[in-house]
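Work through the exercises below with the model open. Try each task before reading its solution.

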Amino acid sequence: MVKFEDIKGFVFDLDGVIADTSVYHSKAWHQLADELGVAWSDDLAENLKGVGRMDSLNLILKTGGKENAYTEEEKEKYAAKKNTNYLSLLKNMNASAILPGISDFLKTLEENDYRLSLASASKNSPLVLEQLGLAKYFEKRVDPTTLKHGKPDPEIFARGAEVLGYKPEQCIGIEDAKVGVESINAAGETSVGIGDPKILHEADINFTDTTQLTLANIKAAMKVGEH
Ligand code: G6P
Ligand code: MG
């Protein structure tokens, strides 16, 4: 692992790291899966984390053996429907959806002059950050519509470092999705996984939830890694 002292930037995933919104994504996909007659499962929900809108729909269809059942046009309609459901779940969301410890963590990073960027696959991330009142921390963002590949490809996290003006080795990436951790690792950044260590075992550092996500804990974990 690189040295803690060499870290200058933090690249954040949004859904499931900063806010509780992955639950809303899941609910909206579950609703659509029911409509499409595809059985929902915890595994499917886990595999959808971090995956872009169209790729998510394709994964759901494939899981149900319906990958050839619809035209591109029909699929566009279903994806739009999911998004409408998702947006209606977001309607009353506010700062109370920020996951525990995240507000303090962002403040600490700012006070210590770290640069922050956002590496979310969600086209709704500008809206979500506004509603949470956290947009000011993330002036630097990767625009997912400009990407060629989704997570686990390194593109999004590599760009997350680039928009900060830092090399990947100078950055820590934070993710709750397995494909997200893979993207961070492939980009050459230090990965922090938030969630079940069995699922996120490829992360350099693992925290079971956001309350453990502190600068002191990251420093301690990286010091251990030096020996
Ligand atoms: C994130 C979430 C996924 C979501 C994707 C696209 O990666 O973890 O659950 O499908 O963004 O989000 P969007 O808001 O653009 O449909
Ligand atoms: Mg996520």
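**Exercise 1: the cover over a helix**

Helix H1 (21–36), helix H4 (72–90), strand E2 (115–118) and strand E3 (140–141) are among the elements that cover the buried residues of H6. Contact means heavy atoms within 4.5 Å. Helices (H or I, at least four residues) and strands (E, at least two) are DSSP runs, numbered from the N terminus. This is a predicted model: local features need pLDDT of at least 70, side-chain atom pairs count only at pLDDT 80 or more, and totals for chains, interfaces and linings use all residues. Residues are numbered from 1 along each chain as its sequence is written, chains are lettered from A and ligands numbered from 1 in the order in which they are written, and side-chain values use heavy atoms, with hydrogens and water left out.

Task: Which residues of helix H6 (residues 125–132) are buried?

Solution. Buried means under 20% relative accessible area, exposed over 50%, partly exposed in between (1.4 Å probe, protein chains only). Ser125, Val128, Leu129 and Leu132 are the buried ones. They sit on the same side of H6, because their arc around the axis is only 95 degrees (taken from the directions from the helix axis to the C-beta atoms). Glycine 133 follows H6, with a positive phi near 80 degrees.

**Exercise 2: a strand residue**

Task: Is threonine 190 buried or exposed?

Solution. Locate threonine 190 in strand E5 (residues 190–194). Its relative accessibility is 4%, so threonine 190 counts as buried. Now list contacts, leaving out residues up to four places away in sequence: they include Met1, Ile7, Cys171 and Met222.
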